[in-house]
Amino acid sequence: MTMTVARAQKQEMMKNTNPEIEFKIDSLLQLMTVEEKVGQMNQYNGFWDVTGPAPEGGSAEKKYEHLRKGWVGSMLSVRGVKQVRAVQKIAVEETRLGIPLIIGFDVIHGYKTLSPIPLAEAASWDLEAIKNSASVAAAEASASGINWTFGPMMDISRDPRWGRVMEGAGEDAFLGSRIAEARVHGFQGDDLSAVHTVAACAKHFAAYGFSESGKEYNTVDIGASTLHNVVLPPFKAAVNAGVRTVMNSFNELNGVPVTGSSYLQRDILKGEWGFDGFVVSDWASINEMINWGHARDKREAAQKAVTAGSDMDMEGNVYIEALAQLVKDGVVEESLLDDAVRRILRVKYELGLFDDPYKYCDEAREKETIGNAKHHEAVLDMAKKSIVLLKNDTNLLPLKKEGQKIALIGALASDKSSPLGSWRIASDDDTAVSVLEGMQNYSGNSLTYAKGADVFVGQAQFIQEVVVNDADKSGFEEAISVAKNADVVVMVLGEQGFQTGEGRSRTNLQLPGVQQELLEAVFKVNPNVVLVLNNGRPLAISWADAHIPAIVEAWQLGTETGNAVAQVLYGDYNPSGKLPMTFPRNVGQVPIYYNFKNTGRPDDKDGNVFWSHFIDVEKTPLYPFGHGLSYSTFEYSDLKMDGTSFETGADIVVSVQVQNTSPVDGKEVVQLYIRDLVGSITRPVKELKGFELVELKAGETKSIRFKLNNESLGYYNNDGKFIVEPGDFKVFVGGSSITRLESDFELK
Ligand code: BGC
């Protein structure tokens, strides 16, 4: 194993760097002791009140001491101008070299004013809106002293049991890549040194979303094809979009904890892709190599991680404890530290921290930026765009605005915290507009609310044990009587905000607790039910799909949740969201995703059991990837290609007519899929390769054009090499991954 960075790799990396910054880094590196270099690679969490008197004893005191010595390069979770200024002042004024800190924070879907959870945003397929949402988050966070976000998360996952699917963009690499780019551009803007932008972080590198059985922090064992074609593309897209940092992950990949993976971090990320920013570990993921059984002790963990290209140790205390000695003992070459520190300093220079370490510390800006009206407007816009109309069989929706008796049922309907999701560190409890409040803005109807049943019992945050309410049905009677007297019943059911997110894997994808019983009991007395789902992952709601006439997927939509939901229910906003993840019929179908392989026995040919299926449930999903209705209806026709046979490398144009066949203006996500019929590595039955969000006035028809090229038609083989193979292809276009129109062509 080589301990130095290969020269060619370094040359490639330096191509786009700024010579002035590199010169400054060279000079600074020459002044630094080994301990100071290790210090730059050390990140501490700053959860205590850093503006108070220095704590005595315990880890906070040690952190202060290290800060003063210049042994800390970054802090996370310090927030607010006052607090950031306090730690920055120590770094700049009390240390020997005065190198400023980079301040990181989990700005996942907003800072104080929260956007929908990232999975919900992905359902909008609206890249401009997603980019704008990230830039609003950056504006608020940077006004609060922060200059680096631990986002976007871009782990592709096909397993809704995994609680962190709420943080990503769903199951598809193509959609995930476009969203990763949009978020990176939103956070970083065009100019990283601008005061309203922050450095972004592509996480978690890599394959964390493939944790076996969806169980958190579990092993990952996937083949090269899945790694290169499904897992890595969003990261590559983020690097190409200029993301300045990458976070590695807690999982192992095929036997190697990724924090210690030279293959991922040195060969692919920093080598092949030429990434010249820095890699931060996930929280103590360097130490965790010991538990994984990949390192004997902290010393070996530090050695393996630094060799593999993990540049900064997040709150693991491993680098700070072991790295300097490893260099002195000649086990780790100092050039490895130089490479890591160079990367970290580069990002600090680019942020402009050396020009003005307090540039993010402006109280007046903090006051006027955080929670301002423009940000509320932006997150409301994003929230409406994230809603997916799953079903509307009897046109129960949109609701009439006058003369109706509406019953609103469900604990989540009046909850002002749950809609904020589980990543809400800088946001305050009870600050979301509840669905009840949103509905109350429509005064032409009479609205009666009944809780029905709690989702949770007791305190929800950081749950160690299951505290779901699976017993208390004392509110059923009231809910049933309110429902009986109503024209329409709106039921808000699903997951509490803390049932998804990190450490919240579930084996049951049904409505938690007694909510299913409540739904059935209410339906019995009044079938005019609109089910509004609040959740952070696909749920298995087969009963609801079979019985309930209208179902709205409203996820956890952030601060403006209630307004967004009410505007959609009342038709003031026509929904256009499409699912970024397949909804299963039951948990046994998981993992289930649209771009599966055909298998050798795809169909029932002879009426016997020997084909790829389940004997107790259909093999199709409940709602496919890309599905989502609107109050408008759309008709697709005239799928055309500009030929039937093309040379490899040619641009192939595909066009289709889309008509709004309804009297209501609306938007539709037009989706293009391909199938490569024969491959040296078997190809999926469908692959998304293009989409466009189209606005269509009532009755209007538009011609939509897509271009396919080598990038769309090729794939990575098992050596990680991108290849384009001649042969027959199919093209499909439609409003979901289940399409009606298709065409064929040959690639020569
Ligand atoms: C999570 C990361 C997060 C970090 C810092 C970890 O537990 O996996 O996604 O950025 O904590 O809060």
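Predicted model: local features only at pLDDT ≥ 70, side-chain atom pairs only at ≥ 80, totals over all residues.
User: How far is the side chain of Asp106 from an oxygen atom of the ligand?

Analyst: An N or O atom in the Asp106 side chain is 2.4 Å from a ligand oxygen. Arg164 also has a polar side-chain atom by a ligand oxygen, at 2.7 Å. For Glu502, the distance from a polar side-chain atom to an oxygen of the ligand is 2.8 Å.

User: And how much of the ligand does the protein bury?

Analyst: The protein buries 92% of the 310 Å² that the ligand exposes when taken alone.

User: Switching topic: how many disulfides are there?

Analyst: Zero, from a search of the whole structure.

User: What about Cys201, buried or exposed?

Analyst: Cys201 is buried, because its relative accessibility is 0% and the cut-off for buried is under 20%. Cys361 is buried too, with a relative accessible area of 6%.

User: Let's do strands. How many residues of β11 are buried?

Analyst: Five of the five residues of β11 (residues 388-392) are buried, so the strand is largely enclosed by the rest of the structure.

User: Which strand does β11 pair with over four bridges?

Analyst: That would be β16 (residues 550-553), and the pairing is antiparallel.

User: What lies in the loop between β11 and β12?

Analyst: Pro398 is found there. A cis peptide bond joins Leu397 to Pro398, with omega at about -5 degrees. There's also a cis bond from Phe205 to Ala206, where omega is near 0 degrees. Ala206 is in the loop between β5 (201-205) and α9 (224-231).

User: What's the strand order in the open sheet of five strands?

Analyst: The order is β18-β26-β25-β20-β21, with mixed pairing. β18 (645-646) and β21 (687-696) are at the edges and have a single partner strand each, so one side of each has no neighbour in the sheet.

User: How do β25 and β26 pair?

Analyst: β25 (residues 727-734) and β26 (residues 741-747) are antiparallel, with seven bridges between them. Val733 has Leu741 in β26 as its bridge partner.

User: Now a helix. Which residues of α11 are buried?

Analyst: In α11 (residues 262-272), the buried ones are Leu264, Gln265, Arg266, Ile268, Leu269, Lys270 and Gly271. Gly274 follows α11 and has a positive phi, near 65 degrees.

User: Which residues other than glycine have a positive phi?

Analyst: Among them are Ala284, with phi near 60 degrees, and Glu315, with phi near 50 degrees. Ala284 lies in the loop between β9 (278-280) and α12 (288-292), and Glu315 is in the loop between β10 (313-314) and α14 (318-328).

User: Are those two buried or exposed?

Analyst: Ala284 is buried, at 13% relative accessible area. Glu315 is buried as well, at 15%.

User: Last one: what does the side chain of Glu495 make a polar contact with?

Analyst: The side chain of Arg506, at 2.7 Å. Glu495 is in the loop between β14 (488-494) and α20 (515-525), and Glu495 is buried with a relative accessible area of 0%.

Technical notes
Residues numbered from 1 in each chain as written. Heavy atoms only, no water. Polar contact = N/O pair within 3.5 Å; in protein donor to acceptor, adjacent residues only side chain to side chain. Areas by Shrake-Rupley, 256 points an atom, 1.4 Å probe, with all protein chains shown as cover. Disulfide = S-S within 2.5 Å. Buried < 20%, exposed > 50% of the residue type's maximum accessible area, 1.4 Å probe, protein only. Helix = DSSP H or I, 4+ residues; strand = E, 2+ residues; numbered from the N terminus. Pairing = 2+ DSSP bridges.
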